[in-house]
Amino acid sequence: MWLIYAVGSAFFAGLTSILAKCGIRKTDSTVATAVRTVVILVFSWLIVGLVGSANQISLISGRTLVFLILSGAATGASWLCYFRALQLGDINKVVPIDKSSTVLTILLALIFLQEGVSVPKAAAVLAIAVGILLMIEKKDVQDTKSAGKGGWMLYAVGSAFFASLTAILGKIGISGVESNLGTAIRTCVVLVMAWIMVFVTGKQKEVRKIERKELMFICLSGIATGASWLCYYRALQEGPASVVAPVDKLSVLVTVVFSYFVFGEKLSRKALAGLAFLTAGTVAMAIL
């Protein structure tokens, strides 16, 4: 069942990127992140109530709680970077770099979780890395070195780094707690972190200025993220992180398809080849 949950996580994660992009055309990305986290918090605790796991809070060990908090902090940092990158760059370019967290997650899982990596899996990781490199255009790297819109790549790389930490810390943190409850607790940490950033940057007044249409998309992206999280951490609880993480990254396929129809963004032949490598490596990771 964990593989089904991982696929569900990928679908909702891909949908999240599209909905979020629609909601941050005019709205500041930090403000949007804070607002959508409120939606996710409500969604997460609603599920906790439905499954009846709230009474298990007192049973959570101090060690588990610490890792849940650290995982939530890493998620918050990843989100802030990711949605800033989405606001500055094309979704078809931001998402592949964000998905490069797969490679780092596998390496960290090998080091800290002792999840073995066979020769076939190593080849799959290499295919994923090649695919990501092919999807990054040379001019994107040049733009990043100069001022202006190219700064999206730095945020995308930051998103990938913190996302990999999220997977490892989350795997450790949910080993002794019901997955839905663990997700809800982590969301509380993300909420606090996101709103602290809003007030630190002095953007709290912009919350009231969000257009109704963009607010709707921001809330929908929050619901999609909540659904993705619930699937993802249930999959992590039952399956190996080195496989769950790559399957989750197949959300790039969902994103590419929707971005074509919604935003008219097209991939070059080189990028398409990269997408093929990325997909093949990810699928191989799931079945090897």
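In which helix do Glu 238 and Arg 234 lie, and how many residues apart are they?

Analyst: Happy to! Please keep in mind that this is a predicted model. Glu 238 and Arg 234 both belong to helix α10, where four residues, about one turn of the helix, separate them. They form a salt bridge whose closest N and O atoms are 2.6 Å apart. Both ends are partly exposed: Glu 238 has a relative accessible area of 37%, and Arg 234 comes to 28%.

That pair is one of three salt bridges in the structure. Let's turn to the others.

In one of them, Glu 211 meets Lys 26 through their side chains, at 3.2 Å from N to O. Glu 211 is partly exposed, at 37% relative accessible area, whereas Lys 26 counts as exposed with 64%.

Then there is the salt bridge between the side chains of Asp 28 and Lys 203, with an N to O distance of 3.0 Å. Here too, distant parts of the chain are linked: Asp 28 lies in the loop between α1 and α2, Lys 203 in the loop between α9 and α10, and 175 residues separate them. Asp 28 is buried, because its relative accessible area of 13% falls under the 20% cut-off.

Notes
Residues are numbered from 1 along each chain as its sequence is written. This is a predicted model: local features need pLDDT of at least 70, side-chain atom pairs count only at pLDDT 80 or more; totals for chains, interfaces and linings use all residues. Side-chain values use heavy atoms; hydrogens and water are left out. A salt bridge is a side-chain nitrogen of Lys or Arg within 4 Å of a carboxyl oxygen of Asp or Glu. Buried means under 20% relative accessible area, exposed over 50%, partly exposed in between (1.4 Å probe, protein chains only). Helices (H or I, at least four residues) and strands (E, at least two) are DSSP runs, numbered from the N terminus.
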